[in-house]
Amino acid sequence: MRKLLLGTAAMMVFAAPAFAADLPARTYTKAPAYTAPEVVYNWTGFYIGGHVGGAFAGDNNIGGRDGQFLGGVQAGADYQFARNWVVGVEAQYSWLPSNDNGGLLFPGNSLITQDNRGLGSVTGRLGYSWGPTLLYAKGGYAYRDSSLNVSNTGVGVPFTTSGNHRDGYTVGAGLEYMFAPNWSAKLEYQYYDFGNTTFNGGPPDILGATVRNDEHTVKAGLNYRFGWGGPVVAKY
């Protein structure tokens, strides 16, 4: 039996090279290239921030079209849904330097001046995001902290008006970029409309005069985002 086993083993040793020669060549498959997981930016969460920019009055305003510097703060909350869409609400206030811009002089030497001290708004906004970038539109309620004055040859005179030059509406659009896990920068245009003001009482030369109350603003801002802000690596 031992001789039989040794003989069988010897035959297998000598037969192995011949058997291997008859086998087809081994094929090699290249491993698929590594694909990094997609980075998804999550805009959901609360934020606070600040902004600077300029305000420019529209046509037929008391102060003319001279620009004013502005600076302010904002706070809000966003919710991202359907992967790329973002809906949110924001409260914002911008301070303006106290300035009557020369006012509006009438033929009877009556001078109407307006001191605009600030612009505020509470708006909803809807945006579309791709990667760290968010393009959005906004609109809602606007408030203006301002006062009207009428004088004649330097002496203040009483007057009455119709129309509300403090409350109005605002619309705008902007682009926001998330450059760090909790930080984003934005550039936006915002228009404020407070309707018309008509003078129906006061010196004769201003009676019936109507002026516009609107502002065009351009702002650059910086936001700090709490909680869910920042990039999240998508799971497989």
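Trainee: What makes the pair Asp145 and Arg117 a salt bridge?

Mentor: A salt bridge is a side-chain nitrogen of Lys or Arg within 4 Å of a carboxyl oxygen of Asp or Glu. The closest N and O atoms of Asp145 and Arg117 are 3.1 Å apart, so the pair qualifies. This pair links distant parts of the chain, with Asp145 in strand β7 and Arg117 in strand β6, 28 residues apart. Keep in mind that this is a predicted model, where local features need pLDDT of at least 70 and side-chain atom pairs count only at pLDDT 80 or more, while totals for chains, interfaces and linings use all residues. Residues are numbered from 1 along each chain as its sequence is written, and side-chain values use heavy atoms, with hydrogens and water left out.

Trainee: Why is Arg117 called partly exposed?

Mentor: Buried means under 20% relative accessible area, exposed means over 50%, and partly exposed is in between (1.4 Å probe, protein chains only). Arg117 has 27%, so it is partly exposed.

Trainee: How do you know whether Glu176 and Arg225 are buried or exposed?

Mentor: Glu176 has 1% relative accessibility and Arg225 has 2%. Both values are under 20%, so both residues count as buried.

Trainee: Which other residue meets Arg225 in a salt bridge?

Mentor: Asp78 does, at 3.2 Å, N to O. Arg225 lies in strand β12 and Asp78 in strand β3, so the pair ties together parts that are 147 residues apart in sequence. Asp78 is buried, as is Arg225. There is a network here too: Asp78, Arg125, Glu176 and Arg225 are linked by salt bridges. A search of the whole structure finds 13 salt bridges.

Trainee: What makes β2 and β3 a pair of strands?

Mentor: Two strands pair if DSSP finds at least two bridges between them. Strand β2 (residues 45-57) is joined to β3 by 12 bridges, so the two pair, and they run antiparallel. Within this pair, His51 stands opposite Gly72 in β3.

Trainee: Why is Asn61 called buried?

Mentor: Its relative accessibility is 9%, and that is under 20%, so Asn61 is buried. Asn61 sits in the loop between β2 and β3.

Trainee: What makes the meeting of Asn61 and Asp214 a polar contact?

Mentor: A polar contact is a pair of N or O atoms within 3.5 Å; within protein, one must be able to donate a hydrogen and the other to accept it, and residues adjacent in sequence count only if both atoms are side-chain atoms. The side chains of Asn61 and Asp214 make such a contact at 2.7 Å, so the distance is within the limit. Not counting residues up to four places away in sequence, Asn61 touches Arg212, Asn213 and Asp214, where contact means heavy atoms within 4.5 Å.

Trainee: Why is Ala82 called exposed?

Mentor: Ala82 has 57% relative accessibility, which is over 50%, so it counts as exposed. Its place is the loop between β3 (67-81) and β4 (85-95). Ala82 has a positive phi of about 50 degrees although it is not a glycine.

Trainee: What makes Thr153 exposed?

Mentor: Thr153 has a relative accessible area of 64%, over the 50% limit, so it is exposed. Thr153 is in the loop between β7 (133-152) and β8 (155-156), and it too is a non-glycine residue with a positive phi of about 50 degrees.

Note on methods. Helix = DSSP H or I, 4+ residues; strand = E, 2+ residues; numbered from the N terminus.
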